[in-house]
Amino acid sequence: MPMNRRRFLLGTAIAGGGLLLGYATTRPSKHHLANATRSGNDAPFLTTWLRISPDNSVTVLVPHSEMGQGVLTALPMMAADELDADWNLVRVEQAPATDLFANGVLIKGFATSLGVSIPGFLDGLASAATMKVAEIMNMQITGGSSSVRFTGEQGMRVAGAAARQMLLQAAAQQLQVPQSELSTRLSHVHHEASGRSLSYGELAGAAARFEPPASPVLKRPEQYTLMGRPIPRIDIPAKVDGTAAFGIDARPAGMLYAAVKTAPVFGSRLASVDSASALQRRGVVRVVELDDAVAVVADNYWRARQALDAMAVSFEATPNDGVTTQSIFAQYDQALQGELSEDVEKGDTPAALATASSVVEATYRVPYLAHAAMEPMNCTVHFHDGRCDVWTGTQDNLGIRGRVASVSGLDENAVTVHAHYLGGGFGRRLPNATNTIDQATRIAMQFDVPVKTIWSREDDMQQDYYRPAVTSRFRAGFDAAGRLTAWENHYIGKNEPAEAAHTPYDIPNQSIAYADSPTHIPFGAWRSVAHSQHTFFLESFVDELAHHAGQNPYQFRLNLLADKPRHAAVLKAAAEQAGWDRNLPAGRARGIALQESFGSIVAQVAEVSIGEAGEVRVHRVTCAIDCGRAVNPDTVRSQAESGVIFGLTAALYGEISIDKGAVVQRNFNDYEMLRLRESPDIDVVTIESGAALGGLGEPATPPIAAAVANALYILTGQRVRELPLKNYRFTAAPSERA
Amino acid sequence: MARFRVNGTAQELDIEPEMPLLWALRDELGLTGTKFGCGIAACGACTVVVNGNPVRSCVTPISAVEGAEITTIEGLAVNAAGGLTPVQQAWIEHQVPQCGYCQSGMIMAVSALLATNPAPSDAEIDGAIPNVCRCGTYPRIRTAIRSLTGATA
């Protein structure tokens, strides 16, 4: 794998005889400067990643955000494994939000060098064409299922291996023996022949005097001691006793609370506010008018909210006030009749369709979706002494530092972001989805005390950056021998990842094209981004083709994967584990779906029945995943379970509709969530293919909607081409009735 | 003046009687382990135990808890051996939380259920725990509860 030339492996001594080591994403001179600016007894920060102290502890600095995906555990595991550290002596710290701890270069650099697409969350911040080092320097992004794949593989492991090598050199010198006679285990260097050993803490100071190796040798999988083992997550104990601090829990001294009412139609502006009554209410300090919103600031959040709700507020009319879900889909239909842009062009699809002995056509649609993270959006900001402190949970602490700086006009170095746990991210807390942060900053600018802005659930539901609604049209042709020869797909809006609409199946003639059809609805990355829509389309339509061809949908797919052995293996694993060929009780059916995303391949089999009210019941989901290799197998399972339930919630219930230019749904009573009683048993099969590490946070989300819809077709004879499933009342076909 | 007990400590607050217990706990008493999720009793993130019963604190006015004994996540383990209750221990053993935001409410609801019904059926668990977990930790929640009741899948 090519090394990124913009990185430097650096080591330095720290006070008291420790070693600090990591890969830098900046030039060494910058680190000397940074170290020089730090005073007192602080250990000087060189750059990312790990610090070995004289007390033999190892501290790993993690530049990503913990939002339940286990990154605060998995990344230190990778460093500690290469280091041969004793896991009990490993401590984990959140890397501070300074550019010395940026991870943008890693994501960008390695995404490019691996030939995979740049994650879509970088859009607008750093497009592939215009990305400048200065911009990527300022990212500490957690998204695109990238932390373990890039920071872990290319940063943590290399830093750990380099540190181990330096410790070995120091031990060889100290013990006056050849390095080849030494071994490392549990944070000690051992000389078996003489029975002597030295702790890493004892060696760290001497090790810091060696130059870090340019290309340290990494372990082979059979040498791993931590990677591949189910290590308990370090963030869990604080999450069972109420001590875990989320952004919404920040309580800086003297803090006030803000409740905000934002223009319901995106792009509208505040017209008038009658604040007289609000100002007379108990605890209310001030009413703050913003361009598109009004806020009440009070000494208690409930008081702020009550006063806001009692206030008369009006917003300006906009040209979008008549937009509805129906008008958006009509606009899409029109766009698909117009000029299209090429996505994939292979063979001669028009000719293949013209000569096909049968052609299958279908149009699919999915609605907008909200993220609905459990922790309502919030941000606490304190302007004081020409500086600013920010407390929030974000998928990019550095990005938010930059955002607050640009909104407030402060220099970035005058902004300190205090990282917190995220009560769910899913793309909602990426640095290009900052409407809450922007409001919180503008409100707090009018105060010299900290102000915590909290959005209500309704605010978040109605002011999100939504997963876009998409329409997708297909035509496919079979030749006289029954072979699938033509695949035509026209869809709305190409988003990231760029390959989301591509089919993995071996079809000689393919024409995939898209139309842009912008609306005024803000959109953003939603767990698995464009895969969430396209996998439903692709895997449902392929299922249609299998039935059209009179073939078993599993075998039909397998036959088209002759040149994709990893895909075929995952599909087989899911089918075998689910007992695809075994009979089910009457009234139940299985559906299957497959997708590669973020470097991982996932196949799912859903076992489904129809309830008494015609509703869909999902009993069991088998999820086979090939993510190359599992760093923390328990986290692989938990992320697969999570991805299935997230995708299933969307398939069953997810629907944000638009009326009068605004979002209709308000809260969990009309934007429903899957709950315990509906949660299927989930059986996760992990395939250790040894391929490059794939992501985990997102890949289990895309296939489930199609897997369920494909089972429903078998049960009911009805092909689901629009989601969500709550809008249907299904009747089991006579042959399938229990 | 509102008077009630939280985690064994008497509290006296000069607040509006209609203020929801959630905001009294979080903003007035600084007990931030209890979470705001929806404000309409639809998600359960704010669940606390009032006189032994699970209650959605976001819609419970302070006037309704006058003189009551309230337990929040911070007070759950006060008298537990080993610093954590069996429910909390099971949550660690089965690695239940992901983002963790809903888990205070989950743990309070499960604790209240098991205190009155030590061996609930699956249907009783489903009925008693309608809380929302956006990360989808439900399979592990069920496993953790079963580990406490001796039931198997």
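# Briefing on a predicted two-chain model

In chain B, five strands make up an open sheet of mixed pairing, ordered β2-β1-β5-β3-β4, where two strands count as paired if DSSP finds at least two bridges between them. The model is a predicted one, in which local features need pLDDT of at least 70, side-chain atom pairs count only at pLDDT 80 or more, and totals for chains, interfaces and linings use all residues. Residues are numbered from 1 along each chain as its sequence is written, while chains are lettered from A and ligands numbered from 1 in the order in which they are written. Helices (H or I, at least four residues) and strands (E, at least two) are DSSP runs that are numbered from the N terminus.

**The sheet of chain B**

- The edges of this sheet are formed by β2 (9–13) and β4 (53–56) of chain B, each of which pairs on one side only, and the twist from one strand to the next averages 40°.
- Axes are lines fitted to C-alpha atoms, for helices over the stretch in contact, and angles between N-to-C directions run from 0 to 180 degrees.
- Strand β3 (residues 47–50) of chain B pairs with β4(B) in the antiparallel sense over four bridges, and within this pairing V49(B) has P54(B) in β4(B) as its bridge partner.
- Helix α3 (residues 103–116) of chain B packs on the sheet, where it touches β3 and β4 of chain B, and its direction makes about 35° with that of β3(B); contact between two residues requires that their C-beta atoms, placed from the backbone, lie within 7 Å.

**The two domains of chain B**

- Chain B is assigned a domain 1 (2–75) and a domain 2 (81–149), with bounds that come from an automatic or database domain assignment.
- The C-alpha centres of domain 1 and domain 2 of chain B are 20 Å apart, and 15 residues of domain 1 of chain B are in contact with 13 residues of domain 2 of chain B.
- On the side of domain 1 of chain B that touches domain 2 of chain B, β3 and β4 of chain B each supply at least two residues, and the largest share, three residues, comes from β3(B).
- That side of domain 1 of chain B divides into seven nonpolar, seven polar and one charged residue, with Ala, Val, Leu, Ile, Met, Phe, Trp, Tyr, Cys and Pro counted as nonpolar, Asp, Glu, Lys and Arg as charged, and the others, Gly among them, as polar.

**Where chain A meets chain B**

- Between the chains, 48 residues of chain A are in contact with 46 residues of chain B.
- The elements that give two or more residues to the side of chain A that touches chain B are α8 (301–309), α17 (633–653) and β28 (681–686) of chain A, and α17(A) gives the most, with seven residues.
- The residues on this side of chain A comprise 24 nonpolar, eleven polar and 13 charged.

**Chain A as a whole**

- Chain A has 18 helices and 28 strands, and of its 738 residues 57% are buried, a residue being buried if 20 or more other C-beta atoms lie within 10 Å of its own, exposed if 12 or fewer, and partly exposed in between, with C-beta atoms placed from the backbone.
- Among the contacts in chain A with a separation of 6 or more, 76% are made by residues 24 or more positions apart.

**A three-stranded sheet in chain A**

- An open sheet with antiparallel pairing has the order β6-β7-β8 (chain A), and its edge strands are β6 (182–185) and β8 (196–199) of chain A, each pairing on one side only.
- Neighbouring strands of this sheet are turned by 25° against each other on average, direction ignored.
- Strand β7 (residues 188–191) of chain A pairs with β8(A) in the antiparallel sense over four bridges, and H191(A) has R196(A) in β8(A) as its bridge partner.
- Helix α5 (residues 147–175) of chain A packs on the sheet and touches β6, β7 and β8 of chain A, its direction making about 130° with that of β6(A), whereas helix α6 (residues 200–207) of chain A lies across β7 and β8 of chain A and runs at about 70° to β8(A).

- Strand β4 (residues 58–62) of chain A and strand β5 (residues 90–94) of chain A pair in the parallel sense over five bridges.
- With helix α2 (residues 71–83) of chain A, these strands make a right-handed β-α-β unit, a crossover being right-handed if, with the strands pointing away from the viewer, the path from the first strand over the helix to the second runs clockwise.
- E93(A), placed in strand β5 of chain A, stands opposite L61(A) and, leaving aside its neighbours within four places in sequence, is in contact with T59(A) and L61(A).
- E93(A) is exposed because 12 other C-beta atoms lie within 10 Å.
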